[in-house]
Protein chains: 2
Amino acid sequence: MPPHQRRDRQRADRHRLILATARQIAETEGWDAVTTRRLAEAIEYSQPVLYSHFAGKDEIVAAVALDGFAELTEALRTRSVAGAAAGGQVRGGQVRGDHVGGGRASESRLGAVARAYLDFAAAHPAVYAAMFTLHTALTFATPQSPEPLRDAFGVLRDSLGEGDEDTGDERDLETRTEVFWAALHGLATLTAGHRLRPAQADERLDLLVAQLA
Amino acid sequence: MPPHQRRDRQRADRHRLILATARQIAETEGWDAVTTRRLAEAIEYSQPVLYSHFAGKDEIVAAVALDGFAELTEALRTRSVAGAAAGGQVRGGQVRGDHVGGGRASESRLGAVARAYLDFAAAHPAVYAAMFTLHTALTFATPQSPEPLRDAFGVLRDSLGEGDEDTGDERDLETRTEVFWAALHGLATLTAGHRLRPAQADERLDLLVAQLA
DNA sequence: CTCGATTGTCTAGCGCTGCTAGAATTTCGT
DNA sequence: ACGAAATTCTAGCAGCGCTAGACAATCGAG
């Protein structure tokens, strides 16, 4: 009955093209350069086409942010196990191609996750800005939060709560995770804004991990 | 020879009026509502007058941010000594009129400063956004940084380095201050973005202070 | 295979933004 | 009181997000 499959597939492709193009422009020239006219020209369609996929520019940014959360989660997961094992080379996903930080001989799982987080923010500043700085209408810290958001938070929590498995204070673990996340987020944004001494990045990370362990 | 004093004074008044109005609109309706037309109408002048005081809108935001740093420094200083003493009521500056947090019976100086920081960010979210989130062209972490910026950082550093006065590691103190600031900034922004559980604010602050002490 | 209907796309334009050139006005020194 | 200088305003430009209505391509039925 429905051989509209091709049209649907083409439409989905264009959907992804819009997001990838928006992301690429944002990453190279900043989000201010991502205008509807510019984006439409880049995908070789007219502006109204964008609005047949997304309700508006905000929704495009939100979609990029959501993808970012999924990629961040994957990066944290990958580096989490790698860091716990030996700190081996990282494969797959969005991280490949970036000159990721040290990959130290032996690093705590907490340190590996923290480093992965800051590496992600540094490697994809525009996506990170879409996730946190630009006020997308994504809700947080509630059951209504989209899945990728809660997943990312979950990896952070797991990396904190591995030492004391059954010590009971799960409420405290949630709070510790929030503080951990806040510290990482602060380091990420202040670093991106050139508000911290660039050379001391590793020093700050080590200190943070030491204080939280 | 120069009785232009009145004109100069009026001009300075108008300068302050512009900043105060911009800040007020931003604080009540967000920075998006601060347009040059809106601002010009509010001060009862035409738009070009704004450009005889500031090079552009960005410079207005930057000026508000700079004022914010001075006020933050004062708030931290005040609450720092108050917290070290007994945690008494706070007076003066921008904090008056706000229902500042607890004012606990006895709190560490570190805790008092941290609380003052988060209170400031919560009480003046638009100013705090101008200081950090909006990408003003203010430089940091260099000798060229404007004085109020280095002052605010200095208060944080002092609150961290009071225990071990002459233990030598001043380099480490600088790094500890950066991490402290990053954690506070992360808590402030994530809280403002409703990304943390509102009820656990005190819990997070206590945990952070305990980990850094 | 053709034709009407449906779907998809584009052109053109609205109200808004930050910003500025040049005209009109006010204020000043003589 | 008048010409010069400083100040302020009117009007407009290019670009923004977004949308209505005209146009073109594709589809299903006869």
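Predicted model: local features only at pLDDT ≥ 70, side-chain atom pairs only at ≥ 80, totals over all residues.
**Entry 1: DNA strand C.** I looked up who contributes to the surface near DNA strand C, and helix 3 of chain A gives the most, with four residues (helices are DSSP runs of H or I of at least four residues, numbered from the N terminus). A residue counts as near if its C-beta atom, placed from the backbone, lies within 6 Å of the strand. I found 18 residues around DNA strand C, with A:Ser46, B:Thr35, B:Thr36, B:Gly56 and B:Lys57 coming nearest. By class I get five nonpolar, seven polar and six charged (Ala, Val, Leu, Ile, Met, Phe, Trp, Tyr, Cys and Pro are nonpolar, Asp, Glu, Lys and Arg charged, and the others, Gly among them, polar).

Residues are numbered from 1 along each chain as its sequence is written, while chains are lettered from A and ligands numbered from 1 in the order in which they are written.

**Entry 2: chain B against chain A.** I see 26 residues from each of chain B and chain A in the contact (C-beta atoms, placed from the backbone, within 7 Å). On the chain B side, helix 8 of chain B gives the most, with eleven residues. That side has eleven nonpolar, nine polar and six charged residues.

**Entry 3: two helices of chain A.** I checked helix 5 (residues 109-123) and helix 9 (residues 201-212) of chain A, whose axes come within 10 Å and cross at roughly 140° (axes are lines fitted to C-alpha atoms over the stretch in contact, with angles from 0 to 180 degrees between N-to-C directions). The contact includes A:Leu110 and A:Ala114 of helix 5 and A:Leu205 and A:Leu208 of helix 9.

Definitions and conventions. Contact = placed C-beta atoms within 7 Å.
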